[in-house]
Amino acid sequence: MALGRRLEQICDLAGGKKEAAALSGLSEDMLYRYCRAATRPPLIPLATLTEKLGVRLDWLAFGSGEMRKQETEPDAWSADLMQDVISETTLYLREMGVELSAERFGRVCVILYTLLSATKHEERPQALRASLRLVADNT
């Protein structure tokens with residue numbers, strides 16, 4: 001199956017080209033051209049689209065493997081997730097009266113990010129709080 005056809009499937013998953021264009025930051029016209037293979041699409045908007053829809057980027061690019069990510073498959077780097085980890089960790093440690101060095105705080109955030117990126121989205125808040133309790137108890 002060609003790239004244009006796989007992109008059409010992703011557009012259908014998004015609810016149509018208009019919705020897919022809005023999610024990716026592309027214009028509908030350009031998305032239509034990419035689906036027809038009239039022009040080669042840029043990576044960043046397609047990576048954004050696949051991330052938002054839970055589609056594997058390697059599937060879009062090469063047609064290999066499954067189209068959809070598995071529920072527990074780690075996401076690609078997510079600035080939003082890291083921001084949540086840093087914010088929640090800062091608040092929780094402040095509430096508990098725990099102070100960490102900048103280096104240790106950084107390590108804790110990276111570990112928590114890694115843990116949460118492999119956790120189902122709906123389970124992340126509970127997993128983060130449980131992990132933070134362990135951090136506070138062991139400092």
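This dialogue shows how several features of the predicted model above may be read.

Student: What kind of model is this, and how are its residues numbered?
Tutor: This is a predicted model, in which local features need pLDDT of at least 70 and side-chain atom pairs count only at pLDDT 80 or more, while totals for chains, interfaces and linings use all residues. Residues are numbered from 1 along each chain as its sequence is written, and side-chain values use heavy atoms, with hydrogens and water left out.

Student: What average pLDDT does the protein chain have?
Tutor: The term pLDDT denotes the predictor's confidence in each residue, from 0 to 100. The protein chain averages 85, and 93% of the residues score at least 70.

Student: Which elements have the lowest and the highest mean pLDDT?
Tutor: Helices (H or I, at least four residues) and strands (E, at least two) are DSSP runs, numbered from the N terminus. Among the elements of the chain, the lowest mean, 80, belongs to helix α8 (residues 124-137), and the highest, 94, to helix α2 (residues 17-24).

Student: At what angle do helix α6 and helix α7 cross?
Tutor: Axes are lines fitted to C-alpha atoms, for helices over the stretch in contact, and angles run from 0 to 180 degrees between N-to-C directions. Here, α6 (residues 79-96) and α7 (residues 102-117) cross at roughly 125°, and their axes come within 9 Å. Angles under 35 degrees count as roughly parallel, over 145 as roughly antiparallel, 65 to 115 as roughly perpendicular and the rest as oblique. The helices α6 and α7 are therefore oblique to each other.

Student: Which residues of α6 and α7 make the contact?
Tutor: Contact means heavy atoms within 4.5 Å. From α6 the contributors include Leu81, Val85 and Ile86, and from α7 they include Phe105, Val108 and Leu112. By class, the contact of α6 with α7 holds 12 nonpolar, 3 polar and no charged residues. In this scheme Ala, Val, Leu, Ile, Met, Phe, Trp, Tyr, Cys and Pro count as nonpolar, Asp, Glu, Lys and Arg as charged, and the others, Gly among them, as polar.

Student: Is the crossing of α1 and α4 left-handed or right-handed?
Tutor: A crossing is left-handed if the near helix is turned anticlockwise from the far one by less than a right angle, and right-handed if clockwise. The crossing of α1 and α4 is left-handed, whereas that of α6 and α7 is right-handed. Helix α1 (residues 3-14) and helix α4 (residues 43-53) pack at an angle of about 45°, with their axes 11 Å apart. They are therefore oblique to each other. Leu7, Ile10, Leu13 and Ala14 of α1 make the contact with Leu46, Leu49, Thr50 and Leu53 of α4. These residues divide into 7 nonpolar, 1 polar and no charged.

Student: Which residues of α1 meet α3?
Tutor: Gly4, Arg5, Leu7, Glu8 and Cys11 in α1 meet Leu31, Tyr34 and Cys35 in α3. The contact of α1 with α3 has 5 nonpolar, 1 polar and 2 charged residues. The axes of α1 and α3 come within 7 Å and cross at roughly 135°.

Student: Is alanine 21 buried or exposed?
Tutor: Buried means under 20% relative accessible area, exposed over 50%, and partly exposed in between (1.4 Å probe, protein chains only). Alanine 21 is found in helix α2 and is buried, because its relative accessible area is 5%. Leaving aside neighbours within four places in sequence, alanine 21 is in contact with Leu26, Ser27, Glu28 and Leu31.

Student: Where does glutamine 9 lie?
Tutor: Glutamine 9 lies in helix α1. At 25% relative accessibility, glutamine 9 counts as partly exposed. Beyond its neighbours within four places in sequence, glutamine 9 is in contact with Met1, Trp59 and Met67.

Student: Which residues does serine 131 touch?
Tutor: Not counting residues up to four places away in sequence, serine 131 touches Leu112 and Leu115. Serine 131 is in helix α8 and is buried, with a relative accessible area of 14%.
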